[in-house]
Amino acid sequence: MTTHQLKKQLSSLRSIKPDASWQKQQKEMLLNIVREEAMSQPVLSWSTRIENAGTAFETFFANSFKVMATHSVSAILLVLVVLSGSAGYVVSAAENSLPGDSLYKVKTAVETARLKLTTSPQSKVALEVEFAARRLDEVTALTKMGGGNSLKVAELVSRFETDLTKVAFTAKELSVSSPSSGVEVAKIVDARLGNYIYVLKNTSKTTDNSDLSRRVDKALIAVNKAETEGLKVIVNSDTPSDENVVNKLDVKIKNAEDNLKLAEARFKGGAKGAIEAHQSLEEAKKKMDAGDLKTAITIIAQVEDIVYKLNEVVIPEEEVNGEVLGDVSKEPVKDEVKSDVDISIGLENVGAPDSNK
Amino acid sequence: MYRLYDRDPEAFGELYDNYAPRIYRYIYFKVATRSEAEDLTAEVFLKTWEYVQKREKRITSFQAFVYRLARNIVVDHYRSRAQQNEHNIEDDKLTNIPVPSENSIEEILIRETDMATVQKALQKLKEEYREAIVLRYIEGYSIGEIAKILEKSKGAVRVTTHRAVEALKNELETVEATIQKK
């Protein structure tokens with residue numbers, strides 16, 4: 001028997017059916033049970049019935065308008081139409097969607113629309129912080145699903161990094177134009193950072209995809225930079241710094257020391273200026289003990305930048321003109337680099353060890 | 001589906017009309033007798049109604065849901081039968097479902113046809129292959145739909161259905177050779 005004949009025979013097995021009278025009898029019995037139970041239970045509230053209809057509408061909507069939902073502009077228009085038509089349950093249905101779902105474009109279009117419609121800078125940053133957190137929620141959800149979602153997770157992590165960098169920049173600008181608003185925004189950002197770090201580190205632990213690991217590392221750097229900028233804003237404001245800020249600065253100094261040691265260990269014969277960087281961190285500790293948090297945080301920020309530069313030197317082919325060149329894991333990583341990078345230039349003017357002492 | 005969640009009995013009736021024959025057929029190829037297939041089909045729809053009433057989790061794809069439920073019910077059915085029996089039932093009896101009773105008139109009638117030969121060979125396949133063939137070539141579901149039902153990737157389903165067809169062809173040769181000997 002050929003495969004074609006076999007498939008034909010198999011499809012003829014579709015003629016196997018339950019006995020018609022049995023089926024009818026069973027249906028009646030089941031419907032009686034259904035009717036009895038339906039009558040014995042409380043009437044559904046209108047809100048529940050609307051929720052039921054909304055769920056069905058989402059399924060119908062997602063199937064019928066799948067093509068429209070794939071185009072961002074159309075999705076924005078669609079969102080506006082749906083919102084003005086007070087069919088907001090579609091939007092709320094989209095809130096739990098993930099990259100790859102048909103309603104995900106609606107979700108991101110709604111986020112864009114909300115940002116455009118928000119005028120106050122504080123509210124904008126608060127929204128951006130919330131949306132960045134959503135990207136990480138999506139990362140968590142996709143990571144849990146497993147099975148070939150590494151690419152989507154990697155893209156989400158990169159998007160998170162971009163969004164957070166924007167947030168940190170906005171917070172910094174705001175601290176100049178409106179210091180009190182800047183502090184408020186810095187605190188909003190600071191409140192979320194712990195959760196960001198937790199999700200990113202968890203993602204890093206659960207993957208063996210080198211591209212994703214690299215992106216997570218970059219995102220962690222963005223979180224660290226955002227924290228440093230936020231602390232700068234808080235410390236430089238007129239509001240007195242609480243113990244929490246002091247604790248965070250202590251932790252940052254410790255982390256900067258550890259990261260500096262790790263970074264310089266990759267250089268044959270050590271990195272130029274590493275000793276000065278270590279000494280600067282000692283200086284930062286002294287400034288903190290003296291209550292001069294402003295100088296302390298400035299020194300910490302400079303040392304952190306040095307560490308980032310050192311780590312960039314180790315993988316020099318990663319980025320050109322902002323474009324990622326492809327899978328870095330396939331390119332040989334240069335483990336040992338001649339220590340011709342002078343990192344001490346980052347330590348000019350502020351907190352540099354006093355050579356006269 | 002929303003009418004189902006709205007406790008509309010007619011909606012349940014429509015779903016039953018649409019899916020009962022398919023679920024029956026799906027179970028039929030997994031169990032020994034028609035009566036078992038009937039009982040388990042009824043159980044599938046009873047449990048579906050219970051699940052809808054509990055409202056713990058929304059059913060996003062009724063098709064995938066009802067087939068998965070049917071699978072679980074058949075597995076539970078064989079497990080409880082194994083526990084009830086005094087003698088140990090070997091594991092392969094859960095997977096190599098015996099052919100419908102040779103003494104049934106129906107079996108005698110269909111034995112004469114090619115369809116019967118195919119059915120016999122189908123019953124000798126391992127569960128995974130039989131299921132793939134039933135869903136793909138008897139029920140006519142797409143690879144994507146089967147992937148949803150079996151909670152596998154499309155690639156895995158494609159590979160399984162291909163291997164299943166090859167296995168069925170080999171089994172057919174064995175069955176036909178056995179019939180010829182008789």
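1. In chain A, 69% of the contacts with a separation of 6 or more are between residues 24 or more positions apart. The model under review is predicted, and the secondary structure of its chain A comprises 14 helices and 4 strands.

2. Of the 357 residues in chain A, 39% count as buried. The accessible surface of this chain is about 19,900 Å², and carbon and sulfur atoms contribute 54% of that area.

3. Confidence should be read alongside these totals. The average pLDDT of chain A is 73, and 67% of its residues score at least 70. Residues 82–87 of chain A stay under 50 in pLDDT, and the model gives them 5 contacts beyond four places in sequence. The pLDDT is also below 50 over residues 315–357 of chain A, a stretch with 66 contacts in the model beyond near neighbours in sequence.

4. Helix 8 (residues 121–145) and helix 10 (residues 179–205) of chain A pack with their axes 10 Å apart, at an angle of about 5°. Helix 8 of chain A is therefore roughly parallel to helix 10 of chain A, because angles under 35 degrees count as such.

5. The residues that form this contact can be listed from both sides. Helix 8 of chain A contributes, among them, Val125(A), Val129(A), Ala133(A), Leu136(A) and Val139(A), while the residues from helix 10 of chain A include Val185(A), Ile188(A), Arg192(A), Tyr196(A) and Leu200(A). By class, the residues of this contact divide into 13 nonpolar, 5 polar and 3 charged.

6. Leu156(A) belongs to helix 9 (residues 150–177) of chain A. Its relative accessibility is 4%, so Leu156(A) counts as buried, the limit for that class being under 20%. Leaving aside residues up to four places away in sequence, Leu156(A) touches Pro99(A), Tyr104(A), Arg135(A), Glu138(A), Val139(A) and Leu142(A).

7. Most residues other than glycine have a negative phi. Glu151(B) lies in the loop between helix 9 (143–150) and helix 10 (154–181) of chain B. With a relative accessible area of 60%, Glu151(B) is exposed, because that class begins over 50%.

Key
Residues are numbered from 1 along each chain as its sequence is written. Chains are lettered from A and ligands numbered from 1 in the order in which they are written. This is a predicted model: local features need pLDDT of at least 70, side-chain atom pairs count only at pLDDT 80 or more; totals for chains, interfaces and linings use all residues. Side-chain values use heavy atoms; hydrogens and water are left out. Helices (H or I, at least four residues) and strands (E, at least two) are DSSP runs, numbered from the N terminus. Buried means under 20% relative accessible area, exposed over 50%, partly exposed in between (1.4 Å probe, protein chains only). Contact means heavy atoms within 4.5 Å. Accessible areas come from the Shrake-Rupley method with a 1.4 Å probe; for residues, only the protein chains shown count as cover. Axes are lines fitted to C-alpha atoms, for helices over the stretch in contact, and angles run from 0 to 180 degrees between N-to-C directions. Angles under 35 degrees count as roughly parallel, over 145 as roughly antiparallel, 65 to 115 as roughly perpendicular and the rest as oblique. Ala, Val, Leu, Ile, Met, Phe, Trp, Tyr, Cys and Pro count as nonpolar, Asp, Glu, Lys and Arg as charged, and the others, Gly among them, as polar. pLDDT is the predictor's confidence in each residue, from 0 to 100.
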